[in-house]
Amino acid sequence: MNEKITISIRMLKDSPVEKAYIRYTLNGEERVVELEEKDIKGNFIYYWTRIKIEEPVLKYHFILCTRDNVYYYNQMGLFEHFITEDYDFKLIADFEKPSWVDDAIFYQIFVDRFYNGNTENDVKDGEYTYRGFSSKR
């Protein structure tokens, strides 16, 4: 703790966002900090700020302003209404991983990939269309 970290957000450089902010709480008090336009690389623009970590957990979300709207962005996505802190991004300061993690192998098993228990509920070819693309099995 008590060190400065960089928090950034990347978006398409031709997006309508005119200003970007980060909202977090420090000692129970709301803080809203404007992000600086840091860099443009390819099709992306990066906004960033530096924040001093003073608590064990930092929860934050982004506020994105366009000419016509204000959007809130957290782990659940982009919203046009004010959001609670329930799904804010979370940074845990001074986290120390257990020593055994360096030699461990982790697996994620998705059971639905191994056995199709009900073919009746499978998506059929052409059942849905999104942005000009039809669904396929």
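**Buried contacts and salt bridges in a predicted model**

Arg23 is buried, with a relative accessible area of 9% (buried means under 20%, exposed over 50% and partly exposed in between, using a 1.4 Å probe and protein chains only). The model is a predicted one, in which local features need pLDDT of at least 70 and side-chain atom pairs count only at pLDDT 80 or more, while totals for chains, interfaces and linings use all residues. Residues are numbered from 1 along each chain as its sequence is written, and side-chain values use heavy atoms, with hydrogens and water left out.

Arg23 pairs with Glu30 in a salt bridge, with the closest N and O atoms 2.9 Å apart (a side-chain nitrogen of Lys or Arg within 4 Å of a carboxyl oxygen of Asp or Glu). In total, the structure holds seven salt bridges. Another of these links Lys97 and Asp102 at 3.4 Å, N to O; here Lys97 is partly exposed at 47%, and Asp102 is exposed at 55%. Through shared partners, salt bridges also join Arg23, Glu30 and Glu85 into one network.

Not counting residues up to four places away in sequence, Phe62 touches Ile7, Tyr21, Leu35 and Phe89, among others (contact means heavy atoms within 4.5 Å).
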